[in-house]
Amino acid sequence: MVCIRFFVEKKIAQKWGLCYTGTGQNGMPRQAAKGRGSCGFYAKTRGIFFVHFIKGFHVGQRAAKTAIAVGLSLLVTQWMGSSLPIFAAIGAISVMSRTWSDSMRESFIQFAGTLVGYLVACMFVLYLPWPPQFFLWMGIGTFLVIALCIALRLHFAIPLASIVFADVCLYTGDNAVVYGFHRFTDTIVGLVVALLVNMVIRPYNNRGKIKKLMEKIQKMVLPLLGGRVLEHRYPDLSELRAEMNLLSAELKIFEQQPPITLRRRAMHLTARRQEAAYLRGCEQLLQKMVGELEALCNMDANPIPGEMSQKRLGEHKLYLSKELQNYVRCCETDTVVLDYHIANFLDAYDFLSAFRMQDTAA
């Protein structure tokens with residue numbers, strides 16, 4: 001036990017930056033505190049762990065909207081007199097997504113899947129000559145529900161459809177079909193409430209994330225250009241391409257979002273379209289820079305930039321090293337091609353900088 005305790009304490013000390021030196025005569029751990037002063041090993045470990053836990057603890061607005069949707073769904077189903085409103089809560093939880101468009105798509109999928117589960121359950125209850133509660137028929141029915149959902153491309157709805165099927169078939173009351181219909185309507189209430197909550201209460205707006213991505217990509221491209229044309233290195237563009245793909249996906253989400261409120265819908269639609277056009281224009285400038293970088297990386301020759309290109313690069317604090325100033329091994333045609341790509345890159349970079357400066361001022 002002492003060996004295990006020593007091992008655990010040593011690992012904790014290494015993780016949280018404590019200089020652990022084992023245990024003393026009284027069995028208490030010895031440690032040299034990092035920085036000024038000293039404190040007990042366990043006290044400092046608990047303090048650092050608590051700080052890291054607080055920093056990593058984050059509850060987003062989707063969690064709050066899910067809680068609201070569940071509460072409203074239960075309220076509506078209880079007002080309707082439902083005997084088992086849990087299905088409304090399940091429906092609300094299952095379709096609460098990051099964006100309104102995702103919630104809409106998942107609501108249709110869950111609706112269709114729930115209907116499949118209910119219809120299969122009705123078929124088993126009405127036409128099966130044996131009680132459907134028998135484990136063999138339950139297994140066959142669940143397999144049939146899953147197979148139908150896969151055939152109809154309702155993969156996301158498989159769990160809820162299977163739950164509805166099992167609940168209806170296991171019901172031992174008077175009329176399982178009517179009971180199943182009530183569970184079906186309860187689920188639909190949850191789907192509709194969650195969809196409305198996601199649309200009305202603080203719809204997802206990723207404009208800030210898009211701008212941060214653009215700023216990050218713009219900061220990445222300039223050092224890559226300098227490394228290629230001034231240091232004759234071939235940089236790895238895989239991370240840059242991954243960031244561009246992420247930017248394109250976020251822009252697609254932004255374009256699919258509805259207006260923030262239903263009031264003055266035409267005005268909000270116009271403003272969103274204009275904003276989407278502006279962001280797409282910035283993306284095209286970034287794509288232009290990435291394309292020019294790829295063209296430069298595809299060049300076999302390593303010429304020196306011309307005087308005009310060196311001047312423009314210097315304006316962006318990119319300077320030619322003294323070792324390469326007298327580098328004339330390449331032909332003049334290669335220099336012309338290099339200057340062409342550098343000019344296109346820097347034009348796009350300057351245009352994007354001007355656009356971002358105007359947007360910040362506005």
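**Entry 1: serine 107**

I began with serine 107, which sits in helix α5; helices here are DSSP runs of H or I with at least four residues, numbered from the N terminus. The model is predicted, so I noted that local features need pLDDT of at least 70 and side-chain atom pairs count only at pLDDT 80 or more, while totals for chains, interfaces and linings use all residues. Residues are numbered from 1 along each chain as its sequence is written, and side-chain values use heavy atoms, with hydrogens and water left out.

Is serine 107 buried or exposed? I read 8% relative accessibility, so serine 107 counts as buried (buried is under 20% relative accessible area, exposed over 50%, partly exposed in between, with a 1.4 Å probe and protein chains only). Leaving aside residues up to four places away in sequence, I found serine 107 touching Val95, Leu191 and Leu195 (contact means heavy atoms within 4.5 Å).

**Entry 2: α5 and α7**

Next I looked up helix α5 (residues 100–127) against helix α7 (residues 158–169): their axes come within 8 Å and cross at roughly 25°. Axes are lines fitted to C-alpha atoms, for helices over the stretch in contact, and angles run from 0 to 180 degrees between N-to-C directions. That makes α5 roughly parallel to α7 (under 35 degrees is roughly parallel, over 145 roughly antiparallel, 65 to 115 roughly perpendicular, the rest oblique). I logged the crossing of α5 past α7 as right-handed, meaning that the near helix is turned clockwise from the far one by less than a right angle.

On the α5 side the contact residues include Gly113, Gly117, Ala121 and Phe124, and on the α7 side they include Leu160, Ala161, Val164 and Val168.

**Entry 3: α3 and α4**

I then took helix α3 (residues 61–79) and helix α4 (residues 86–95), which pack at about 150° with axes 8 Å apart. They are therefore roughly antiparallel to each other. α3 passes α4 in a right-handed crossing. The contact is made by Thr66, Ala69, Val70, Ser73, Leu74 and Thr77 of α3 with Ala88, Ala89, Ala92 and Ile93 of α4. I recorded seven nonpolar, three polar and no charged residues there.

**Entry 4: threonine 172**

Last, I located threonine 172 in the loop between α7 and α8 (176–200). Its relative accessible area is 67%, so threonine 172 is exposed. I also read 9.7 Å between the C-alpha atoms of threonine 172 and proline 131, which are 41 residues apart along the chain.

Note on methods:
Helix = DSSP H or I, 4+ residues; strand = E, 2+ residues; numbered from the N terminus. Nonpolar A, V, L, I, M, F, W, Y, C, P; charged D, E, K, R; others polar.
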